[in-house]
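Have the viewer open as you read the points below.

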Amino acid sequence: MLTAHRIALDPNNRQSTWLARAAGTARFAWNWALDEWQRQYAAWKADNRRPRPSEAALRRQLNAIKREQFPWMLEVTKCAPQMAIMQLGRAFGNFFAGRARYPKFRRKGVDDRFTLSND
């Protein structure tokens with residue numbers, strides 16, 4: 001039974017640069033969202049009237065500031081940061097359900113990746 005397709009890419013230099021930038025953008029978005037999640041969760045623990053961090057709220061927050069603070073994020077596909085934050089939300093869901101460990105910050109050069117949606 002065939003469950004997946006594995007396709008080898010052979011990008012030229014320009015395509016390799018774009019793929020690396022997209023992976024870097026996804027890593028930045030993941031790390032930014034994880035840092036914000038930890039900061040907002042600590043603030044929520046100190047004062048329960050504040051909202052709890054959520055994946056959707058973090059995506060809205062990043063979309064609101066990225067044009068001013070991170071304009072380089074607009075040079076690659078919008079799916080890279082969006083999907084990274086959605087994956088972080090899923091990682092926290094798995095952590096809270098006891099199926100996975102606490103999410104870690106991503107490091108450059110270690111399993112660099114990004115995800116595109118099929119829309």
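The axes of H2 and H3 come within 9 Å and cross at roughly 155° (axes are lines fitted to C-alpha atoms, for helices over the stretch in contact, and angles run from 0 to 180 degrees between N-to-C directions). H2 is therefore roughly antiparallel to H3, given that angles under 35 degrees count as roughly parallel, over 145 as roughly antiparallel, 65 to 115 as roughly perpendicular and the rest as oblique. This is a predicted model, in which local features need pLDDT of at least 70, side-chain atom pairs count only at pLDDT 80 or more, and totals for chains, interfaces and linings use all residues. Residues are numbered from 1 along each chain as its sequence is written, and side-chain values use heavy atoms, with hydrogens and water left out.

**H2 with H3**
- On the H2 side, Glu55, Leu58, Arg59 and Leu62 meet Pro81, Gln82, Ile85, Met86 and Gly89 of H3, where contact means heavy atoms within 4.5 Å.
- That contact has five nonpolar, two polar and two charged residues (Ala, Val, Leu, Ile, Met, Phe, Trp, Tyr, Cys and Pro count as nonpolar, Asp, Glu, Lys and Arg as charged, and the others, Gly among them, as polar).

**H1 with H3**
- Helix H1 (residues 13-46) packs on helix H3 (residues 79-96) at an angle of about 45°, with the axes 8 Å apart.
- H1 and H3 are therefore oblique to each other, and their crossing is right-handed.
- Residues of H1 in this contact include Trp30 and Trp37, and those of H3 include Phe92 and Phe96.
- By class, the contact of H1 with H3 divides into 15 nonpolar, two polar and no charged residues.

**H1 with H2**
- H1 and helix H2 (residues 55-69) have axes that come within 11 Å and cross at roughly 120°, again right-handed.
- Among the residues that meet here are Glu36 and Arg39 in H1 and Glu55 in H2.
- This contact comprises seven nonpolar, two polar and three charged residues.

**H1 itself and the whole chain**
- The 34 residues of H1 should span 50 Å at 1.5 Å a residue, and the end C-alpha atoms are 49 Å apart, which agrees (the expected span is 1.5 Å times one less than the number of residues).
- The chain has three helices and zero strands (DSSP runs, numbered from the N terminus: H or I of at least four residues for helices, E of at least two for strands).
- Along the principal axes, the C-alpha atoms of the chain fill a box of roughly 50 × 45 × 30 Å.

Conventions. Left-handed = near helix turned anticlockwise from the far one by under 90°.
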